Amino acid sequence: MSWTIHVPSDTTARALGSDRLVSGIQVLAREAGVELHVRRNGTRGLYWLEPLIEVDTPNGRYGFGPVNDSDLDSLFASEFWKGEVDHPLALGLVEELPYLKRQQRLTFARLGRIDPLSLDDYRAHAGFRGLEKALTLAPQAIVDAVKESGLRGRGGAAFPTGIKWQTVLGASADQKYIVCNADEGDSGTFADRLVMECDPYMLIEGMTIAGLAVGATQGYIYLRSEYPQAFRTLNSAIERACEAGLLGANILGSGSDFHLEVRLGAGAYICGEETALLESLEGKRGMVRAKPPLPALVGLFGRPTVVNNVLSLAAVPFILDQGAAAYAEYGMGRSRGTLPFQLAGNVKQGGLVELAFGPSLRELMFEFGGGTRNGRALRAVQVGGPLGAYLPESQWDTALDYEAFAKVGAVLGHGGVVMFDDTVDMGEQARFSMEFCVAESCGKCTPCRIGSTRGVEVIDRIRAGEQVEANLELLSDLCDTMLNGSLCAMGGMTPFPVQSAMKHFGEDFVKNASAAELEA
Amino acid sequence: MLQYFDPKVNPVVDHNRDYGTKPSLSEKQVVLEIDGIAIQVPEGTSVMRAAAMADITIPKLCATDNLDAYGSCRLCAVQIEGRRGMPASCTTPVEQGMKVWTQTDALAKLRRNIMELYISDHPLDCLTCPANGNCELQDMAGAVGLREVRYGFEGENHLEAPKDTSNPYFTFDGSKCIVCSRCVRACSEVQGTFALTLDGRGFASKIAAGQDEGFLDSECVSCGACVQACPTATLTENSVISMGQPEHSVVTTCAYCGVGCSFKAEMKGDKLVRMVPFKGGEANHGHSCVKGRFAFGYATHKDRIRVPMIRDSIDQPWKEVSWDEAIGFAANRLRAIQAEHGRESIGGITSSRCTNEEAYLVQKLIRTAFGNNNTDTCARVCHSPTGYGLKQTLGESAGTQTFDSVLKADCVLVIGANPTDAHPVFGSLLRRRLREGASLIVADPRHIDLLDTPHLTSAMHLPLRPGSNVAMVNALAHVIVTEGLEDLDFIRERCDNAAYQQWRAFIAEERNSPEQMEAVTGVNAELVRQAARAYANANNAAIYYGLGVTEHSQGSTTVMGIANLALATGNIGRDGVGVNPLRGQNNVQGSCDMGSFPHELPGYQHVADDVARGRFEQAWGVTIDHEPGLRIPNMFNAAISGQFRAMYVQGEDIAQSDPNTQHVEQALRSLDCLIVQDIFLNETAKFAHVLLPGSSFLEKNGTFTNAERRINRVRKVMPPVAGKEDWEVTQMLSNALGYAMNYQHPSEIMAEIASLTPSFAGVSYEKLEEFGSLQWPCNDENPQGSPIMHVESFPIGQARFAVTEFVATTERATRRFPLLLTTGRILSQYNVGAQTRRTENQVWHSEDVLEIHPHDAEERGVKDGDWLGISSRAGHTVLRARISERMQPGVVYTTFHHPHSGANVITTDNSDWATNCPEYKVTAVQVERVTQPSEWQKNFHDNHQRQNKFLKDATTAVDPS
């Protein structure tokens, strides 16, 4: 008799030793004379449980985690491959874990359940059904479906995806392009990487559907170079999809073509901005372009181009397969469907939490995240990456909804949630925001190029207690200048974390102000 | 009341205003409101430009109206009703009904705060800064009301950024840079060289030339576009740094190549501070090259001839004399020679460097006071085949297009021309079109720089052997005819059928096929077929050619073959097509137009044409010979044989520029009287008896006509160094010879030209003031001139195909002379170099070298930098070797910018069968390593020393007053 063991293979699990576990399991299995068939799944995205080993049972997959090398002997002793055994790391049925069960995994339905590169696995889990459906539809019908689903850009700007596609569909050109923004550079985010490392065909399928929808025959995935495993996985997946007739010329005998290539970035955060990304993709220096013209009309190599985030494109196969209504059924207000949140920072239970829009930030941080990892009081949380606002406790009941967040001056962005306990110095965090802008500004527009450097200097003066009031006013002016004057979101949003820190955590800025100044 | 901007009422674009962004060419008009003023502008116009058109100035730094909008400085933010935020007006296009506000409290605060950021990283040395008084940053600080810099000046900054002084004409001061990228964009978008880039990112962003190697060592061609674009003192002309800001300016026309760029000569009193390309110039639209922009120092060079001089023999020192004495001396000699040797024993050469009026006057002097037709011009040695070939086929001796026409071309065929070196401003325009996607075909023995145009989309090189142009052009035509690529409708409607049928039968013969011609051209037949198809199948295909076409024994045949190609494919008579000779000198078109040739009166009216000649005879009050006079080579031969005894040469250095130097020198030595009018003691003047100081283009009024037939005004910005403009000197000589001339101003000469020359009938100085420039024909039918020729019909009714039989030149590679030498120009030097060698342009090209292919070099044991003896059947000279793969094996190349190089000692007296244009482009030579200069070079050196001493002794010995 043989048993199947699933050992995760994404970058995080491997960083936590999953590869070593595989060899350990194989050695011990041989010694124990038990036939264990080890498969490499992606990851469930439950990082606090990684490495999370799963075993197949008739009732479903039983999980053990987090597993260290030192746990293998006891796991073998308890014959863990049988699933429901008594062991301190036994988690029971993985899909019954509340953390997972309470999510609405539409996009990430396959996450951790399949071998990332197995076309059979992908097909067995509803893969390519969206594409097959799309091949039967007119381009306008595909665009209509995406519009009706209410899908909005998951990269952060939340622009309605269907409207963007409509613009590109309506543009006439000898060549159009689908560009996937996979330059996932926001601190605390990893959802794009999980798509690419654990379910790459979903992205390929989504991009192909986009190509069919707008009449583009060439796609590019602009991938950050810090994701070498995603690069390998995507390239293997593209190769296999082409061999299987799912990509390239004459897709599934339909007569339609869609070619796809992965291009690596060179380590610039700004290249996650869509126009800088296009410049970089064209082989130029990553500099932001002024808009208009919109990339949808004048994009890559001057041609109409869909530029979508990985998560936007990854949501498309579900929408085509299950129908726009099935997707739009989830969410609240104008935020339809789900957003894969990524819990990070000082959090007890970090990982991927795909939720329909609607629950509060507090629920996400406490009911999923379980509060801080070190048990200290949570003080601030930054949502939406390094350009997102810091939210104080008074705002934690804000619903996870684009509009609700905008109302409190915050953004959901790409869904990254980074938590800070009560030891955080928000003056230092504000400085970091400006410093991040110094490091990552492309240097094109003045407010961002010079403003960020001055921002660091002014914050340093404030924190050192130099003319605190005057400098706070200057900082406030500077934030307005960057906000109103910057060419793109890099400089335009850098003030968000700074302003929110000043507003909600003002006490951290005046620690060294002289008493006289405070009096005044 | 609503005030509309109506282009019909208000057609004048103020070329001294910066509208911020480029004009939109849309036909559709949009009405919007800016600060409550309604304005109508073409769709696609930016809000910034629309505002400027309504005389509303929006602050800006990174925008300028010859570059694409960039949107980086953010000063030009505006508020638009119904829109969020403060969008940049440079990148925001107008929309119907838009309401824009350019001055609000919020905008004022934003702009002031942005300026505060700029100034927090800028040296506060305005009073000692070279841009003081002409600094956009300073202006903007004033405009936004910046009163304090709260950030202080202790923060991170670039105040210690180093200066780059490597370029001789301008300095890059990194401490003043605001990183607006105008220089980078100008280098890319306007010049097309892409030498500049931004290095680093964020606050560390800085401008870098090449791989951050300094301007001089980078690919920079010193065109000056970056200097012009810079809104601060970062890129400043060294002349401004040393002299300060100019106080007035005069628009005039460059005197270098045939592009004829318009410049603002920016002056302090009578001192020229800098030349800035004029945006209103139709030929250059505000662009320039290193020569016109910077190389004007020759005009005030110490070598200028400032006083008239005479001598009895060329072995004597010069004697400085008054104008009257010099002119009297010359007139007496001329009359004495004519008395002794006959009316035909004297003649003259008009200058393609001087104005139309001056060329006209010299030929008039010859046909009236001299009483013969012995007039010729330097076009003889460059574009005379163009005049002949195009007149035969199209009926007019001129290019058919404007330069701007190239922006509509889909396929550009360049034959025997090197525009990026020899016509750089047109080269930049062409490169722009190539970047936009037009395909390029280059037929040239060398791999010219155009083939390395950045972002070129499709290019073919046909590396033909020197001397095989006709074979190539015929092979191209053969493919067009035999593959059914002709434009039969055009041919039926516009071309003479009999001539067409005769040509067609000839060209379709198999002996003209690419396959048959491959042995002659050395170019793969399939490549030729592809090129022919690309040319014929393009919607708009244009041909540009240069001296690589004309300076051959079959120069005229090739020109006709080129016309055949255009006619066969219907590529004549509209924008984007045509036959375009790239003229070498500033006024070579004009000097030809002005009747400089011995057989033609002004306007290409043949001397044998009784009606035309009659008009001139009546106007001039003389009898004009109905037989053509002597051409330059005939003059030389006649001089050597003793019949031709005196010459008046205005502004041409025949001793250096004409082929077979030793023959020319012999002819010049044979003359009894050589009168040279020039700004320097040039090579010809060393053989002269009378030396009349010439005036530079800065010192006179007149007109030049460029390669697109554009008549442009030349305006005097400083007094002539010797007190007289060139036309005044000719007039004095005429009067001394007894033929009265009494012009008070060149405009009177132009009026006479207009009265006698049908194609110039509508030209006047008043009209030139009104329209800026005029392209001839300009007459009652085309009162504002003719940008495109042959739109409806040809001057000869129907165009005539010409049979162009290939006849190989007698100059061919032999066992004794196994290599073919071809000659050309480079960017930084100009022709004989008399001007550019007296400027800092020397840093780029201080000597002529012989380019030789590595294969030929290795065979002869030649290394880079070796001295090479070059021998032809005509002579021998010595140049330094440069190993280069731009040449094909078997072909060597040199330039002729330095007289002591003796490039023309080697060239032969072979010439075009129709026009005697010398065959400069093919000379069979042998090269070998040597250790010393040639005999000719030694003699040259000795003569140079001696003649310079004669000049020096003259200036020190005699008081000119």
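This is a predicted model: local features need pLDDT of at least 70, side-chain atom pairs count only at pLDDT 80 or more; totals for chains, interfaces and linings use all residues.
1. P293(A) lies in a loop of chain A. Helix 12 (274-281) comes on one side of that loop, and strand 9 (305-309) on the other. Look at the bond between P292(A) and P293(A): the peptide there is cis. Its omega is about 0°. Most peptide bonds are trans.

2. Now go to chain B. Which residue is joined to P777(B) by a cis peptide bond? The partner is W776(B), and omega is again about 0°. P777(B) also sits in a loop, between strand 29 (773-775) and strand 30 (819-824) of chain B.

3. Next, check the backbone angle phi. Most residues other than glycine have a negative phi. Q467(A) has a positive one, near 35°, and is not a glycine. Is Q467(A) buried or exposed? Its relative accessibility is 58%, so Q467(A) counts as exposed. The cut-off for exposed is over 50%.

4. Chain B has a positive phi to check too, at H285(B). The angle is about 45°, and H285(B) is not a glycine. H285(B) belongs to the loop between strand 12 (271-277) and helix 7 (290-294) of chain B.

Note on methods
Residues are numbered from 1 along each chain as its sequence is written. Chains are lettered from A and ligands numbered from 1 in the order in which they are written. Side-chain values use heavy atoms; hydrogens and water are left out. Helices (H or I, at least four residues) and strands (E, at least two) are DSSP runs, numbered from the N terminus. Buried means under 20% relative accessible area, exposed over 50%, partly exposed in between (1.4 Å probe, protein chains only).
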